[in-house]
Amino acid sequence: MEHENFNDLLAFVAVAREGSFTKAAKQLGVSQSALSHTIRGLETRLGIRLLTRTTRSVSPTEAGERLLNTAAPRFDEITQELASLSELRDKPAGTIRITAAEHAANNVLWPKLSAIMHDYPDVKIDINVDYSMTNIVTQRFDAGVRLGDAVEKDMIAVRIGPDLRMAVVGTPEYFSRHPKPRTPHDLQQHRCINLRLPTHGNLQIWEFEKNGAPLNVRVDGQWVFNNTSSRLRAALAGYGLAYVPEDMVEDHVKDGTLFRVLREWCPTFPGYHLYYPSRRQSSLAFTLVVDALRI
């Protein structure tokens with residue numbers, strides 16, 4: 001294949017990813033007309049249409065989608081390898097993108113990474129707080145964070161946190177007006193503060209376990225949030241019971257601002273793991289981050 005054909009493929013990947021000739025042209029530093037000519041030339045050479053163009057959008061055809069899924073990861077790997085080679089001349093540098101839920105971002109990523117980042121001013125950490133099961137490959141994240149039992153088998157997983165236990169808490173004032181639940185089923189008679197998950201807009205199921213037998217409960221209440229810190233704030237304000245990681249409420253339980261119930265029913269989950277594709281070429285910056293998080 002001639003050298004300029006790689007430029008054709010790079011142009012196609014840019015347009016397919018951006019869904020726009022205008023954005024892709026700006027990214028590549030070329031004119032829209034030149035970019036359009038390049039794509040037409042690639043389609044002519046291959047003898048198949050790669051992009052469907054409308055007045056409002058550009059999207060890959062079936063053949064284009066196949067080419068995108070094949071070519072784009074390889075260009076990404078080459079880019080990463082060139083970046084890692086350039087780092088060998090100097091020191092860790094570059095941006096590391098990580099997706100994680102709020103609790104993992106605040107209680108694991110921030111304390112561990114903030115402790116070392118002053119020493120590496122050329123390393124940038126881009127953390128995306130998200131409760132969805134993000135595909136880190138298609139979304140172009142360097143790594144993600146999940147509980148150990150939720151990591152796909154084809155990923156490399158590095159443990160970065162201890163086992164995680166959940167807790168059900170409410171204020172003493174709330175319990176002065178409502179009887180303490182004796183079993184998880186009693187929660188259906190309580191005001192509970194829910195977490196809305198991004199997948200199909202579902203509410204989080206409260207998971208319990210006793211003597212090895214799981215028990216899942218759907219609860220209801222006045223408040224629904226899509227993050228954990230807001231649920232804790234609502235519980236502290238007396239609006240009901242919250243189901244949150246134990247380490248978030250330890251201090252509140254100790255000082256008496258929150259009271260814990262159903263302790264013997266609350267399960268322990270495998271701790272947080274950093275995960276990333278097995279084929280990822282580790283740059284100095286990425287290795288630095290993994291080593292800082294590893295336990």
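**Exercise 1. The largest core**

Which residues of the largest nonpolar core touch the most other members?

*Solution.* Start with the ground rules. This is a predicted model, where local features need pLDDT of at least 70, side-chain atom pairs count only at pLDDT 80 or more, and totals for chains, interfaces and linings use all residues. Residues are numbered from 1 along each chain as its sequence is written, and side-chain values use heavy atoms, with hydrogens and water left out.

Step 1. Apply the term. A nonpolar core is a set of buried Ala, Val, Leu, Ile, Met, Phe, Trp, Tyr and Cys residues joined through side-chain atoms within 4.5 Å. Buried means under 20% relative accessible area, exposed over 50%, and partly exposed in between (1.4 Å probe, protein chains only).

Step 2. Read off the residues. The largest core has 24 residues, and Ile98, Leu109, Val145, Ile160, Tyr272, Leu274 and Leu293 touch the most other members.

Step 3. Two or more residues each come from strand 3 (94-100), helix 5 (102-114), strand 5, strand 15 (272-277) and helix 9 (284-293). Helices (H or I, at least four residues) and strands (E, at least two) are DSSP runs, numbered from the N terminus. Helix 9 gives the most, with 6 residues.

Step 4. Look for another core. Apart from this one lies a core of 20 residues, including Val13, Ala14, Phe21 and Ala71.

**Exercise 2. Around leucine 293**

List the contacts of leucine 293, leaving aside neighbours within four places in sequence.

*Solution.* Contact means heavy atoms within 4.5 Å. Leucine 293 then touches Val108, Leu109, Lys112, Leu113, Arg159, Ile160 and Leu274.

**Exercise 3. Positive phi**

Find where arginine 140 and asparagine 211 lie, and state the phi of each.

*Solution.* Step 1. Recall the background: most residues other than glycine have a negative phi.

Step 1. Take arginine 140. Its phi is near 60°, a positive value. Arginine 140 is in the loop between strand 4 (123-129) and strand 5 (143-147). With a relative accessible area of 43%, arginine 140 is partly exposed.

Step 2. Take asparagine 211. Its phi is near 55°, also positive. Asparagine 211 sits in the loop between strand 9 (206-210) and strand 10 (213-217). Its relative accessibility is 80%, so asparagine 211 counts as exposed.

**Exercise 4. Domains**

State the domain bounds, then the separation of the centres of domain 1 and domain 2.

*Solution.* Bounds come from an automatic or database domain assignment. Domain 1 is 6-87, domain 2 is 94-162 + 271-293, and domain 3 is 164-269. Taken over C-alpha atoms, the centres of domain 1 and domain 2 are 28 Å apart.
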